[in-house]
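These are my notebook entries on one structure. I record what I looked up and the terms under which I looked.

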Amino acid sequence: MSSLPVETIASLADQHPKPAHITFQYGTAGFRTLGNVLDSVLFRVGVLAALRSKKQDGKVIGVMVTASHNPEPDNGVKLVDPRGEMLEASWEGHATTLANAATTEDFIAVLENIVKTTKIDLSKPARVVYARDTRPSGPALVASLEDGFKAIGAEARNGGVTTTPILHYYVRAMNTKGTKDAYGEDTEDGYFTKLSTAFGKLVSGKAPLPPLIVDCANGVGADGIAKISPYLGDHLKLVAVNTATTTSGALNNACGADYVKTSQKLPPSLAGHIKPGQRACSLDGDADRLIYYYMDDRNQFHMLDGDKIAALVAAFIVDLVKTAGLEEDIKVGVVQTAYANGASTKYLTERVPVRCVPTGVKHLHHAAEHYSVGVYFEANGHGTVLFSSETQAKLASHEPSTPAQSTALNYLKSLTELINQTVGDAISDMLLVEAVLAHRSYSGVEWDSLYVDLPNRLVKVVVADRHAFHTEDAERKLVSPKGLQAKIDDLVKRYDGGRSFVRPSGTEDVVRVYAEAVIRSHADDLAFRVAGLVYDETGGDPATRPKEFI
Ligand code: 16G
Ligand code: MG
């Protein structure tokens, strides 16, 4: 068993010193903060990714440099495990410890400790693939990352500027190349060909839908939309807007999936583009979230969020499974978080088993793996559908006994190709939605009417210490601060259809409050009352108490 190239690592590490006074944390979405303080983190993540690969017997590990929907000055980095899924939870701690080692010596000591405790065989190869989004801080951070690869001697492939889901796709495709589980060609062309071919099979013979407006958040999704358009041919026309990837300050600014979901408004830049009845969608800055919407005849905005996507897709798959005669073999289930609109949970529960898990893709993904077909979506538009290997085998071997069964079976097989099963993927999900709309002959209006959203409100509370907040029951109940949950329960009881929960954010230094109720004014009232309670109970300064808190 060989040892770490300590001298090379040390001399390169000295060029990427950790800034004093900053504590980094590998959170829900990896490391994420201002791009200009991340140099040391990127270098260290480069080394860690190589170790992770060695630990996984030389399988390819992915590294994505992005801060998703955050403002342009932010950046971040996350690791992708061999099947294209999020980094295993136990390694998040290693990443955090490594990022916070104060000096080069400390850094090397932590590395040696990781090698020892996780029993890494250093003689194994290290293979990584990495990519970045369009942020201006990206190139410098990628250079630091590359130094990390160099320091430990990793074989690194540069995936260039691409979407987060495409990077996840590369990882799975590279690791399954030449096996019976081959996921696809490990190139952009391979990805676009796979998706568009499956889409073509799903919509062939269906009346084409009118063109779809796609708000690209001025991010890397703009490249993806431009590239996939020729592959789609006449099956679907995409009209890309907010494609200014090189305009300073434009990324995620008053546009994109997060803007639409949190403000529940049309991006102002779309006002001239979208006509009454027309549907449109927004991607986020790294194209792993998707929110749809449309304007009605009175020019009113209607949002179709991750919950509406889950309802549309789950019901469609359930119908196909039934028509294919596979009801007994294939069980469809849905995974949501506490943020799922209560009306969506009711709609889905009447049709399929539904589970609620804590916020964050990794929780949803793992829970979805327990179903034969696991549909998971966060209300914020991140989600996908997982087909278990038994289900894929069943689809491959099932002998249909009628033409209708055969058609449904083929549609299900095409869905397994269309859907990026490694992670939520705005481009893949968009094609999925479009395919279902084409099958159902739905416009936005009919899709929207599957159920009526309960009015809801999300409020941020800045508290002295968000780490004092602990939750249970999939974040639906507070365990600490002591006594706060009982007070929230008392408030909630006063509102018809009221529901509210409080949780610490995993990505921002705030506590989030969610509330819903049958009447809009009640949802607002409940949210601001709970926010006020949280603020006061945790010793908030009366002088800076936000005016809207009740
Ligand atoms: C991250 C998560 C997302 C979650 C959000 C919650 C991933 C890849 N992304 O964006 O799933 O909804 O954080 O943010 O896991 P919050 O903890 O600040 O509310
Ligand atoms: Mg994102």
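**Entry 1: the second largest pocket**

I looked up the second largest pocket and found about 810 Å³ of space in it. A pocket here is an open set of points on a 1 Å grid over the protein atoms alone, with protein on both sides within 12 Å along at least five of seven lines; a lining residue has an atom within 4 Å of a point. Grid points are joined across faces, edges and corners, and a volume is the space filled by probe spheres set on the points.

I note 29 lining residues for this pocket, of which Arg-172, Phe-387, Ser-389, Gln-392 and Gln-421 are the closest to its centre. Two or more lining residues come from each of α6 (164-176), α12 (361-368), β14 (383-387), α13 (389-397) and α14 (403-418). Helices (H or I, at least four residues) and strands (E, at least two) are DSSP runs numbered from the N terminus. The most is given by α13, with 4 residues.

I sorted the lining by class and have 9 nonpolar, 10 polar and 10 charged residues. In this scheme Ala, Val, Leu, Ile, Met, Phe, Trp, Tyr, Cys and Pro are nonpolar, Asp, Glu, Lys and Arg are charged, and the others, Gly among them, are polar.

**Entry 2: basis of the values**

I record that this is a predicted model, in which local features need pLDDT of at least 70 and side-chain atom pairs count only at pLDDT 80 or more, while totals for chains, interfaces and linings use all residues. Residues are numbered from 1 along each chain as its sequence is written, chains are lettered from A and ligands numbered from 1 in the order in which they are written, and side-chain values use heavy atoms, with hydrogens and water left out.

**Entry 3: domains**

The domain assignment, automatic or from a database, gives domain 1 (6-161), domain 2 (188-301), domain 3 (306-448) and domain 4 (456-549). Why does the second largest pocket lie between domain 1 and domain 3? Both domains give residues to its lining, so I place the pocket between them. I also noted 33 Å between the centres of domain 2 and domain 4, taken over C-alpha atoms.

**Entry 4: ligand 1**

I found 15 residues around ligand 1 (a heavy atom within 4 Å), and Glu-378, Ser-505, Gly-506, Thr-507 and Arg-512 come nearest. By class, this shell has 2 nonpolar, 8 polar and 5 charged residues.

I then listed polar contacts, here pairs of N or O atoms within 3.5 Å. A polar side-chain atom of Arg-503 is 2.7 Å from an oxygen atom of ligand 1. For Asn-380, a side-chain N or O atom lies 2.9 Å from a ligand oxygen. Thr-28 takes part through a backbone N or O atom, 3.3 Å from an oxygen of ligand 1. The protein buries 93% of the 450 Å² that ligand 1 exposes when taken alone, by the Shrake-Rupley method with a 1.4 Å probe.

**Entry 5: cavities**

How many cavities of 30 Å³ or more does the structure hold? I have 2; a cavity is a set of points where a 1.4 Å probe fits but cannot get out. The largest cavity holds about 50 Å³, and its lining includes Thr-28, Lys-78, Glu-92 and Lys-362. That lining divides into 5 nonpolar, 3 polar and 3 charged residues.

The second largest cavity has about 30 Å³. Helix α8 (residues 221-232) gives the largest share of its lining, 3 residues.

**Entry 6: backbone**

I noted a cis peptide bond between Ser-480 and Pro-481, with omega about 0°. Pro-481 is in the loop between β17 (477-480) and α17 (484-492). His-21, not a glycine, has a positive phi of about 65°, and His-21 is in the loop between α1 (6-13) and β1 (31-34).

How values were computed: A polar contact is a pair of N or O atoms within 3.5 Å; within protein, one must be able to donate a hydrogen and the other to accept it, and residues adjacent in sequence count only if both atoms are side-chain atoms.
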